[in-house]
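Here is a short report on a protein chain. Have a look at the chain before reading on.

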Amino acid sequence: NALYPLRIIGLNQDQAFRNNVPDGQLGLTFQFKECITSAEYGAWEVLSQGWGASFLRLRLHADGDIYGAFPETIKKAIEPAVKSYSANNSTSINVDLMFLPSLKELLGSSYDSLNELNLGQPDSAVSLLGNEGTGVSRKDGYLFYESRTSKADLKNALSNGQQWWLRSVWFKSNGVEAQGVPNIVIVADGGWPGGAGPTAEKGVLPCFCM
C-alpha cells in the first residue's frame, strides 16, 4: 500500500455521528499533505444539490474506489463526521467518512476579509458558503489554517503544487434561486481559492477524523 504524509488540521473540532445522531466532538481531523489522486468533481446536472450529490463524494465513501484503496486498519479507525454544505440556496448536512474541506474551513475567522472570489452573487449567497465551517456552529475554521499569521503564510500552507478541489459550490444567484452555471471552489495555482467547472480534473486532498 502507498504511504501518504498527513497533517493534523483540527483538534476536537468536527462533530461526531454516533448511534444515528450527531453526538460530541471527534478528537483529531487529518488532511493529506499531498494530493492522493486527480478526479472530476461530478456532472453539471446534479450540482444544484451540491457536495451531497457529487460523484467525488461517492468515491470517498465506503463503496468508493478512492476510499476502498486504503488499508483496512485505517478504514476501521476512521470515525464518521457531520459536514455541512450549500445547495439550492440553503445549508444541508452529510455524514462523511472522507471529505473535502470547505472554503470557510480554510479561511476561518478571516473568511469575510480574505474572501476575494468573484462569486457573481449577492452578499446573502456569499454568507451561505460561510455556513460550511466546522464545529457545531458550522462557523469555525480548522486550527492549522487559523494559526497562519498572515495571508502569505496561509497561501503557503494551501499551496500544493497543483490545483485541488474544495467541497464548496457557488452559483450565480439573485438571492432566491440559482441561475446559470455553478462552479466548484478550488485552491488554484499559488495557493489561493479560485473556481472550476465540475468536469475538470483537479487534485484530491481529502480529510478524515479519528
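Asp14 is buried, with a relative accessible area of 0%. Buried means under 20% relative accessible area, exposed over 50%, and partly exposed in between, with a 1.4 Å probe and protein chains only. Lys83 is buried too, with a relative accessible area of 1%. The side chains of Lys83 and Asp14 meet in a salt bridge, 2.6 Å from N to O. Lys83 lies in strand β6 (residues 81-87) and Asp14 in the loop between β1 (6-11) and β2 (15-18), so the pair ties together parts that are 69 residues apart in sequence. Helices (H or I, at least four residues) and strands (E, at least two) are DSSP runs, numbered from the N terminus.

This is a predicted model, where local features need pLDDT of at least 70, side-chain atom pairs count only at pLDDT 80 or more, and totals for chains, interfaces and linings use all residues. Residues are numbered from 1 along each chain as its sequence is written, and side-chain values use heavy atoms, with hydrogens and water left out.

**Salt bridges**

How many salt bridges does a search of the whole structure find? The search finds six. A salt bridge is a side-chain nitrogen of Lys or Arg within 4 Å of a carboxyl oxygen of Asp or Glu. Among the six are these:

| Pair | N to O distance |
|---|---|
| Lys83 and Asp14 | 2.6 Å |
| Arg57 and Asp96 | 2.7 Å |
| Arg167 and Glu105 | 2.9 Å |

Arg57 and Asp96 join in a salt bridge through their side chains. This pair links distant parts of the chain, with Arg57 in helix α1 (residues 55-59) and Asp96 in strand β7 (residues 90-96), 39 residues apart. Both Arg57 and Asp96 are buried.

Arg167 forms a salt bridge with Glu105. That pair also links distant parts: Arg167 is in strand β9 (residues 164-173), Glu105 is in helix α4 (residues 103-107), and 62 residues separate them. Arg167 counts as buried, at 0% relative accessibility. Glu105 counts as buried, at 0% relative accessibility. Salt bridges with shared partners join Asp14, Lys83, Glu105 and Arg167 into one network.

**Cavities**

Asp14 and Lys83 return here, in the lining of the second largest cavity. The structure holds two cavities of 30 Å³ or more. A cavity is a set of points, on a 1 Å grid over the protein atoms alone, where a 1.4 Å probe fits but cannot get out; lining residues have an atom within 4 Å of a point. The second largest cavity has a volume of about 30 Å³. Its lining includes Gln15, Val82, Ser84 and Arg138. Which element gives the largest share of this lining? Strand β6 does, with three residues.

**Cysteines and a sheet**

The structure holds zero disulfides. A disulfide is a pair of cysteine sulfur atoms within 2.5 Å. Cys209 counts as buried, at 0% relative accessibility. Cys35 is buried as well, with a relative accessible area of 17%.

Four strands form an open antiparallel sheet in the order β1-β4-β13-β8. Its edge strands are β1 and β8 (98-99), and each pairs on one side only. Two strands pair if DSSP finds at least two bridges between them. Strand β4 (residues 28-32) and strand β13 (residues 207-209) pair over three bridges, in the antiparallel sense. Phe30 has Phe208 as its bridge partner in β13.

Definitions and conventions. 1 Å grid on protein atoms, 1.4 Å probe; cavity = no way out; pocket = protein on both sides within 12 Å on 5 of 7 lines; lining within 4 Å. Points joined across faces, edges and corners; volume = space filled by probe spheres on them.
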